[in-house]
Amino acid sequence: MRQGKKSFLHHECWEVVFKIIPTGTAVVLNETPLHDSSLDSPMETESPLPRPPRPSVRKAAKAKKGSTSNNECVQFLEQIAKNTALRIERDLKREEADMARQEAFAIQQQQAQEKDMEDREMKIMAMDMSHMSLETKAYWKLRRRDVMRRKLFHDDGPSNTDWLNDQNH
């Protein structure tokens, strides 16, 4: 309009190229609007064939993987729980077997000690004292008396001559 230039008349093209979105305030030059702000731009009009939004390939893959992943995770956790229960049961059985073996071993040890004690007592009672000195005879008489006391009274306590058998003296 100024200096002989022609004014631009195709504002629709301008809006398509530059996607002008009206802000609500019309641009006015000499009280004449430069373009009609009430018209929608062609970009904002709906196309004749509306397309449903497509999920991205990544989102679809994640959704698919997520569902099987959760299922696999649940199966994995169930398998861990099952294995843990089996391991606990196996450990309990092993502990019971160990306890039974220990009890049997303790019984065998006790029986062996009783047998050893019986053998020692038999040797003490069968000892020939005819060739011994008076002191040695006195010692073996005390030992025989202890054996007799244990046999008669089933006393498993220490005898009065146990200090003679002590390795520390």
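Biologist: Which helix gives the nonpolar patch its largest share of residues?

Modeller: It's a predicted model, with local features needing pLDDT of at least 70 and side-chain atom pairs pLDDT 80 or more, while totals for chains, interfaces and linings use all residues. Numbering runs from 1 along each chain as its sequence is written, and side-chain values use heavy atoms, leaving out hydrogens and water. Patch residues have over 30% relative accessible area and no salt bridge, with nonpolar side chains joined within 5 Å and like charges within 9 Å; a salt bridge puts a Lys or Arg side-chain nitrogen within 4 Å of an Asp or Glu carboxyl oxygen. The largest share, 3 residues, comes from residues 134-153, helix H3.

Biologist: How much accessible area does that patch have together?

Modeller: Areas are Shrake-Rupley with a 1.4 Å probe, and for residues only the protein chains shown count as cover. Met125, Met148, Leu152 and Phe153 together come to about 420 Å².

Biologist: What share of the residues count as buried?

Modeller: The protein has 4 helices and 2 strands, running α-β-β-α-α-α from the N terminus. Of its 169 residues, the buried share is 8%.

Definitions and conventions:
Buried < 20%, exposed > 50% of the residue type's maximum accessible area, 1.4 Å probe, protein only.
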